Amino acid sequence: MNGDVVVIGGGVAGITIAYELARHGASVTVLERREGVAEECSSGNAGMVASTHAMPLASPGALREGLRYMWRPDSPFYLRPRAQMVPWLLRYGKASTPGRARAAGKLLTELTQMGLDWHRKVHADGLETGLRTRGHLDAYESQGSLEAGRAEIEQRHARGLPGELLNPEELLELEPSLSPSLAGGALYSDQAWLDPEIFIRSLAKAATALGVKIRNRVEVLDLERRGGRVVAARTTAGRISGDTFVIAAGVWSQTLARATGLYLPVEGGKGYHVEMPDSAASPQMPVYMADSRVVATPLPGRLRLSGTFELDGLDERVDPVRIRAITAAGVRVLPGLRGVEPTGLWRGLRPCAPDGLPLVGPIREVPNLLVATGHGIGGITTGPVTAQLIGEVIRGEQPSLPMELMRPDRFRSLVSWPRRERAVMGEAVAG
Ligand SMILES: Cc1cc2nc3c(=O)[nH]c(=O)nc-3n(C[C@H](O)[C@H](O)[C@H](O)COP(=O)(O)OP(=O)(O)OC[C@H]3O[C@@H](n4cnc5c(N)ncnc54)[C@H](O)[C@@H]3O)c2cc1C
């Protein structure tokens, strides 16, 4: 595969792919339907560049917890029962076995660590991504989260990675804005964060300088196929031809794939942020509130509280109960926020595959069509690794990681999938 590459979507996946391809001399056009880049899920997220908590969405524990949370209106997780969700949920159930969750967790651990390394390298090479590298804190309100944190730290130590469990006094000394009534916390000194909009706009600028054409206000309606290949994108700005096409359209990849006759089970995992002006109540580094799954991220001039995971398709309605739950968690853990007026509210749809793994690579039956989506809760961290892999595939190089578990066509048939998948998992676990 060579020649002109057309990338559909200007979020973290699309822009990092364009940048990585252009660095290797490819001719790339990005088609983005919005006014600018990073205007959907890639803008308002928590900005954590994190290799901690790299658990797949589908696991026996997550399944149990999800069912428990379903009935609480202010819980961090929600699923709106709908007939259209049934195929996704069946696949989610199949992926939630201990063996598959273990293999997925192993891959996510690798992807997130590679993502963290990529961000550090690009920043060290002088690209102004706004990366800050002071680390992350976990804040535990309950003994149960403290014990889960202890187990995570032990696993990290076994891999030679840092992690330090802190008692309440040590935690307060390190971060005085935290509540004195926490059960404890953890410091992960190797983690990083950034303002995602600054990061992607800066990368888009660097990509443009390398010759990438970013065409905004161009929506791809479907892909024209001829002789088993995609020959053009049919768009609101006319027909745009190319040699290789990459669908990196976040949760809308599913709609685009369907219009092209392909099946991609990507569901929207809605999340929110509430922003407050920067003040003495803001922590100096991101704080992950393990009991509520809310993250407080200090960004230039403001503090962002992000959280919740609502499996609700493409629905973008705002649920005030969950917004209140995010703010309440922030006030419990960072008591100086009490009474501070929010200055911003945002929601975004995480593109989620049923097994919690990205959908990355070529579509076998359409050799010049690749997919890069399904980054779920961690696309800012792992999107750049996807970009690296997509670049390697397009150039015909050996991928830096085995890509079998991320194959975008792995969900094609509910009947034949488990048999094929078991063989794949066997390889992955052994490897
Ligand atoms: C509350 C919240 C907190 C998060 N926190 C973190 C975090 O701390 N760290 C982390 O790593 N990740 C985090 N994430 C996840 C991360 O934001 C996503 O995984 C990532 O942004 C997905 O990027 P994307 O490029 O795949 O999708 P998007 O950012 O949604 O980009 C897709 C783009 O494609 C465009 N598009 C769609 N259809 C078409 C079409 N037909 N034609 C042209 N363009 C099209 C869209 O306009 C959009 O710009 C969080 C997400 C949420 C919601």
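Tutor: β18 gives the most to the shell around the ligand, four residues. Helices (H or I, at least four residues) and strands (E, at least two) are DSSP runs, numbered from the N terminus. This is a predicted model, where local features need pLDDT of at least 70, side-chain atom pairs count only at pLDDT 80 or more, and totals for chains, interfaces and linings use all residues. Residues are numbered from 1 along each chain as its sequence is written, and side-chain values use heavy atoms, with hydrogens and water left out.

Student: How many residues surround the ligand, and which are the closest?

Tutor: A residue is near a molecule if one of its heavy atoms lies within 4 Å of it. Here 37 residues surround the ligand, and the closest are Glu32, Arg33, Ser42, Met48 and Gly376.

Student: Which backbone atoms lie by a nitrogen atom of the ligand?

Tutor: A polar contact is a pair of N or O atoms within 3.5 Å. A backbone N or O atom of Met48 is 2.8 Å from a ligand nitrogen, and a polar backbone atom of Ala46 is 3.1 Å from a ligand nitrogen.

Student: What is the strand order in the open sheet of three strands?

Tutor: Strands of a sheet pair through backbone hydrogen bonds, either parallel or antiparallel. Two strands count as paired if DSSP finds at least two bridges between them. The order is β10-β11-β12, with antiparallel pairing. β10 (220-226) and β12 (238-241) are at the edges, each with a single partner strand, so one side of each has no neighbour in the sheet. Six bridges join β10 to β11 (residues 229-235), and Leu223 stands opposite Ala233 in β11.

Note on methods: Polar contact = N/O pair within 3.5 Å; in protein donor to acceptor, adjacent residues only side chain to side chain.
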